[in-house]
Amino acid sequence: MLIVKAFKYRLEPTNAQAQRLRQMCGCARFIWNYGLAETQRMLDAGQKLPTAFALNKMLTAWKGLPELAFLSEAYTDNLQQKLKDLHEAWKRCFDKRLAAKKPVFKHKSKGNDSIRFVNFDKYCQLDRKRVKLPSGLGWVKFRQSRAVVGKIKNATVSQHAGGWYISFQVETEVEMPVHPSTSAIGLDAGISKLATLSDGTVFEPVNSFKNNQAKLARLQRQLARKVKFSANWKKQKAKISRLHVHIANIRRDYLHKVTTTISKNHAMIVIEDLKVSSMSKSAKGTKEKHGRNVNAKSGLNRSILDQGWYELRRQLEYKQSWLGGQVLAINPAYTSQKCACCGHTHKDNRQSQSRFICITCGYQENADINGARNILAAGHAVLACEVNGALMPSAAGTRRLSNQVATL
Ligand SMILES: [Zn+2]
């Protein structure tokens, strides 16, 4: 089995190299913004999104425009990759299953530029603690904390909170693994608990954003009092962006710990096929009909996003595929109202946010655990159908299942 992995390191360019990288990043950012404006204009005019190939042809035309002559300083591969990313961003935005927003213009002041070098074998070279990059960059040092394993496909250089980084994407052949465990588990993702498993295991939320919100607000108030673009204002800006990175790191580390634990212990993880995008949008309501409890809901939604459900699912999926396990996504209908003991489904079963009491058989359980047990049962029902040949298993990755099967 061929897997794709990334190795990321701190890059240490000389001043001249950093200067050239900033120039290349600037051109790439410009093309992203230019391409975004162009594609937005085409979409507004009722035209279809151009293919990635068509975008590349447009790029050739743009480079011939006298007002864009400065693009001759760019590295063309970087620009093509930016347009490829833009094309994918639009496609993600049109895909209703994803929570993707419309692509946005990139600002220099955000300080998170990146450029990708493809065809690594042909144009780049790796030599212990330095990497040779094309287009006048030459050998650039990087802090190699661990060895790069596998065949390097491409390298991305990025700038983040003032530092430079390089990430090598490698392809590496691994034996099709057999998962060390044979157990299956249902996972209920929640607001007050990050995840509850059908065996009763609970993972509390980290809420790194909430804890740091007061600090962030304070820093932003201080920023507002400073003279815009002054040295102190810039310092304050940098402080804020470092805090953002810190928050993101806490959240990512915690999620990785949780998903690694779950993935190691269970060969099959059954989750709900939740659409976070529709949940987080519904609170706003429409112009004519404003959503009810907008304030309460948007607070709830922020929590949902805070937990990073999509990231949780994404991590579980790739970790399971590495370990030889599986993630099964079932339709979430009635998982919170159904009795995991007798199967009776009624909204009155759910007495409160946290308590489940079956009005038929009297079964009592924590509502999240009851939900997780239903999710697991739905997963088992689906697998039973597959064994009977009622369902064709999909080629790879998470399986999406239709309503009638999932709620058996
Ligand atoms: Zn019951």
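In the predicted model, tyrosine 334 is placed in the loop that runs between strand 12 (326–330) and strand 13 (355–357). The phi angle of tyrosine 334 is near 65°, a positive value in a residue other than glycine. Asparagine 119 also has a positive phi, near 50°, and is likewise a residue other than glycine. Most residues other than glycine have a negative phi. Asparagine 119 belongs to the loop between strand 2 (114–117) and helix 4 (120–123).

The chain as a whole contains 11 helices and 15 strands. Of its 408 residues, 39% are buried. Where contacts in the chain join residues at least 6 apart in sequence, 67% of them are between residues at least 24 apart.

In soluble globular proteins, nonpolar side chains tend to be buried together. The largest nonpolar core in the model comprises 44 residues, and those with the most contacts inside it are Leu11, Phe117, Val131, Val157, Ile166 and Phe168. Helix 1 gives the most to this core, contributing 10 residues. Another core lies apart from it and has 17 residues, among them Val258, Ile271, Leu312 and Val327. With residues up to four places away in sequence not counted, isoleucine 166 touches Phe7, Lys8, Tyr9, Leu11, Val131, Phe142, Ala155, Thr156 and Val157.

Two helix pairs were examined. For helix 1 (residues 15–44) and helix 3 (residues 76–94), the axes come within 9 Å and cross at roughly 40°. This angle makes helix 1 oblique to helix 3. The crossing in which helix 1 passes helix 3 is right-handed. On the helix 1 side, the contact involves Met24, Cys27, Ala28, Ile31, Trp32, Gly35, Leu36, Thr39, Gln40 and Leu43, which meet Asn78, Leu79, Lys82, Leu83, Asp85, Leu86, Ala89, Trp90 and Phe94 of helix 3. Sorted by class, the residues in the contact of helix 1 with helix 3 are 13 nonpolar, 4 polar and 2 charged.

For helix 6 (residues 231–265) and helix 9 (residues 309–323), the axes come within 9 Å and the crossing angle is roughly 40°. Helix 6 and helix 9 are therefore oblique to each other. Helix 6 passes helix 9 in a crossing that is right-handed. In this pair, Leu255, His256, Thr259, Thr260, Ile262, Ser263 and Lys264 of helix 6 meet Glu311, Leu312, Gln315, Leu316, Tyr318, Lys319, Gln320 and Leu323 of helix 9. By class, the contact of helix 6 with helix 9 consists of 6 nonpolar, 6 polar and 3 charged residues.

Isoleucine 269 is part of strand 11 (residues 268–272). Its relative accessibility is 0%, so isoleucine 269 counts as buried. Apart from its neighbours within four places in sequence, isoleucine 269 is in contact with Ile185, Leu187, Ile262, Ser263, Leu316, Gln320, Gln326, Val327 and Leu328. Among these, Ile262 and Ser263 are also in the helix 6 set that meets helix 9, and Leu316 and Gln320 are in the helix 9 set. The C-alpha atoms of isoleucine 269 and valine 327 are separated by 4.8 Å, although the two residues are 58 residues apart along the chain.

Conventions:
Residues are numbered from 1 along each chain as its sequence is written. This is a predicted model: local features need pLDDT of at least 70, side-chain atom pairs count only at pLDDT 80 or more; totals for chains, interfaces and linings use all residues. Side-chain values use heavy atoms; hydrogens and water are left out. Axes are lines fitted to C-alpha atoms, for helices over the stretch in contact, and angles run from 0 to 180 degrees between N-to-C directions. Helices (H or I, at least four residues) and strands (E, at least two) are DSSP runs, numbered from the N terminus. Angles under 35 degrees count as roughly parallel, over 145 as roughly antiparallel, 65 to 115 as roughly perpendicular and the rest as oblique. A crossing is left-handed if the near helix is turned anticlockwise from the far one by less than a right angle, and right-handed if clockwise. Contact means heavy atoms within 4.5 Å. Ala, Val, Leu, Ile, Met, Phe, Trp, Tyr, Cys and Pro count as nonpolar, Asp, Glu, Lys and Arg as charged, and the others, Gly among them, as polar. A nonpolar core is a set of buried Ala, Val, Leu, Ile, Met, Phe, Trp, Tyr and Cys residues joined through side-chain atoms within 4.5 Å. Buried means under 20% relative accessible area, exposed over 50%, partly exposed in between (1.4 Å probe, protein chains only).
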